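Hi,

Here is the structure I promised to pass on to you. Please open it first and then read my notes below.

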Amino acid sequence: MEKVTEILVEASAEAVEPRFRALADGEVMEKAPGEIVTVADREAERIISRRLRELLPVPVVGEEAVSADPALARALHEEPAAWLVDPVDGTRNFVAGRPSYAVMASLVRRGETVASWIWQPCGRTAYTAELGAGAWRDGERLVLPKVSTAPEKWTGILKTRYFAPPTGHRLLANTLALGPLDPGRGSAGIEYPLIATGAHDFILYWRTLPWDHAPGSLLVTEAGGRSARFDGTPYRPEAPGGVDGLLVAADPDQWETLRGILLDGV
């Protein structure tokens with residue numbers, strides 16, 4: 001666990017942080033309509049992928065590599081084990097000079113996330129989780145308490161960007177039964193730790209690309225929360241284009257209540 005954290009920290013220091021608020025002309029590109037990538041993303045992924053394979057020689061499913069060759073994502077289900085890498089989660093924030101970005105990795109075995117790492121460079125904070133062994137922030141165990149407050153006190157993040165407008169409007173209307181909404185941080189590597197540390201109660205996503213959600217989902221569940229599809233199925237990383245929709249909550253009972261509130265009429 002510690003070795004992978006070191007790999008992320010060192011790759012960030014080498015390829016990502018020197019370019020924060022210092023990207024040169026031509027170092028930001030569009031890889032697909034509306035999707036940007038930087039030289040920092042690509043260089044960090046190369047470094048992390050090489051070093052992870054040295055640690056455990058299994059396929060690496062990296063966000064940027066899959067962008068170039070979508071078939072690589074099949075390793076998540078076709079191989080006994082695979083690494084998942086998100087070299088800069090929150091690229092738009094990174095390009096804009098906002099500190100809400102993270103460097104992330106996960107280990108997937110037989111389609112299930114068994115270990116995950118989130119490094120937040122600007123906060124100098126590392127989050128790790130191991131299936132059945134717990135969740136940690138800089139070596140301190142994270143344990144979420146049972147939620148005892150009423151729903152109108154619950155705060156969270158609702159990501160409506162990828163929902164069809166009528167559905168998004170209905171979801172927003174349903175949140176009137178809850179506490180104030182956080183607009184979101186533009187980075188799953190920043191948002192999931194808000195649940196795992198008790199700063200927020202829930203997040204609802206639609207698009208669930210595996211490199212974005214595998215690390216944080218394991219972090220939350222190992223801290224005592226729940227991350228599941230809308231039908232209650234536990235989250236498992238899916239190749240892009242697979243299952244979408246994800247509700248994450250700080251407490252399993254709270255998750256059930258939130259599903260009833262948020263998905264009413266959806």
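Below are my notes on its salt bridges.

This is a predicted model, where local features need pLDDT of at least 70 and side-chain atom pairs count only at pLDDT 80 or more, while totals for chains, interfaces and linings use all residues. Residues are numbered from 1 along each chain as its sequence is written, and side-chain values use heavy atoms, with hydrogens and water left out.

I called a salt bridge wherever a side-chain nitrogen of Lys or Arg lies within 4 Å of a carboxyl oxygen of Asp or Glu. By this rule there are 17 salt bridges.

One of them joins lysine 3 and glutamate 6, at 3.8 Å from N to O. These two sit three residues apart in helix α1 (residues 2–16), so about one helical turn separates them. (Helices are DSSP runs of H or I with at least four residues, strands are runs of E with at least two, and both are numbered from the N terminus.)

Another pairs arginine 50 with glutamate 54, at 3.6 Å from N to O. Arginine 50 is partly exposed at 43% relative accessible area, whereas glutamate 54 is exposed at 57%. (Buried means under 20%, exposed over 50%, and partly exposed in between, with a 1.4 Å probe and protein chains only.)

Salt bridges with shared partners also join Arg19, Glu27 and Glu43 into one network.

Happy exploring!
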